[in-house]
Amino acid sequence: MTDNAVASRTPLTVLGTGDMGTALARAWLAAGHPVTVWNRTASRAEPLAAEGATVARTAAEAVAANRLVVVCLLDDASVGEALDGAALAGRDLVNLTTGTPGEGRSRAAWAEERGARFLDGGIMAVPPMIGAPESGGYVFYSGSRELFEEHRDTLAVPAGTRYVGADPGFAALHDVALLSAMSGMFAGVTHAFALIRPEDVAPKDFAPLLVDWLTAMAPAVHQTADQLQSGDYTRNVVSNLAMQVAGNTTLLRTAGEQRVSPELLTPYMALMERRLAQGHGDEDGTGIIELLDLRAGASSS
């Protein structure tokens, strides 16, 4: 890379050199960006110094070094602690610390009061996926559209970018919603492997069947979205709620025969039965969302 090419790269600061922060900093360094780093435990930043990063003694010093400041710390409280006393006026603050939508909104207001533009981010990747374009990793961003557009190319170096709105809470909301869906999927996978475990069924032989089945079922997400937007939960239903609740008895009896606890399944089944009891047997599972909405009056739908 030529000196001119390096000079054209936006300099930036990375606060936090844990596994994710280090991966981010390395990706920017590899792309020729001048990077200043800071970590509360200074020794964690030393490997990056050997790779060309400038190590700041304090977070305030690191913030002062560059206009673009990327924060990747443990939690929202640690962000406040690290930036306490730092001069944020005129800075572009990009917070990639995992948090809630409410924390994203509060931190945005906090940053703006101190004269900084703010973006919140939700990283949909693990550290080995950072800096690897073929990995499919990306980051949700929300908050200042102007900040995002100005630094889009720089932000796209470690992973893909997806701007999801001016509301600073939307990046965390999208992040947690996807992670929640993943948790539910893993619960089902765990139960499935528990069922076959006592038998002469090789997990490695069963795994491709499970992947194929989950892949085949995944497009049902689009039908749920269509029903939610139309308000018609009976639209294009193939297996209605009444049929599903009846079928649950087989799932539970099988778990009993295999001596497997049904506790990963029963909370969802209880919601299905509750929706059915309300007279919605011709729907599929979309109406269960109504039961999860705790806003006033929603639970009585």
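Mentor: Before we start, a residue is called buried under 20% relative accessible area, exposed over 50% and partly exposed in between, using a 1.4 Å probe and protein chains only. This is a predicted model, in which local features need pLDDT of at least 70 and side-chain atom pairs count only at pLDDT 80 or more, while totals for chains, interfaces and linings use all residues. Residues are numbered from 1 along each chain as its sequence is written, and side-chain values use heavy atoms, with hydrogens and water left out.

Trainee: What relative accessibility does F140 have?

Mentor: F140 forms an aromatic pair with Y138 (ring centres within 6.5 Å; planes under 30 degrees apart are stacked, over 60 edge-to-face, the rest tilted). Their centres are 5.1 Å apart with 85° between the planes, an edge-to-face arrangement. Y138 counts as buried at 14%, and F140 is likewise classed as buried, at a relative accessibility of 6%.

Trainee: Which residue has its charged end over the ring of Y138?

Mentor: For a charge to sit over a ring, NZ of Lys or CZ of Arg must be within 6 Å of the ring centre and within 35 degrees of the ring normal. At 3.8 Å from the centre of the Y138 ring, the charged end that meets this rule belongs to R162.

Trainee: Why is the pair of F193 and F206 edge-to-face?

Mentor: Helices (H or I, at least four residues) and strands (E, at least two) are DSSP runs numbered from the N terminus, and F193 lies in helix 8 (residues 170-196), F206 in helix 9 (residues 203-217). The ring centres are 5.7 Å apart, and the pair is edge-to-face because the planes stand at 75°.

Trainee: How many residues apart in sequence are the parts that E150 and R117 tie together?

Mentor: The side chains of E150 and R117 meet in a salt bridge at 2.8 Å, N to O, the rule being a side-chain nitrogen of Lys or Arg within 4 Å of a carboxyl oxygen of Asp or Glu. E150 lies in helix 7 (residues 145-155) and R117 in strand 6 (residues 117-124), so the parts joined are separated in sequence by 33 residues.

Trainee: Which residues are linked with R117 and E150 in a network of salt bridges?

Mentor: Both R117, at 25%, and E150, at 42%, are partly exposed. The network of salt bridges that links them also takes in R67 and D92.

Trainee: What is the relative accessible area of D19?

Mentor: D19 forms a salt bridge with R44 at 3.9 Å, N to O. Whereas R44 counts as partly exposed at 41%, D19 is exposed, with a relative accessible area of 58%.

How values were computed: Rings of Phe, Tyr and Trp (its six-membered ring) pair if their centres lie within 6.5 Å; planes under 30 degrees apart count as stacked, over 60 as edge-to-face and the rest as tilted.
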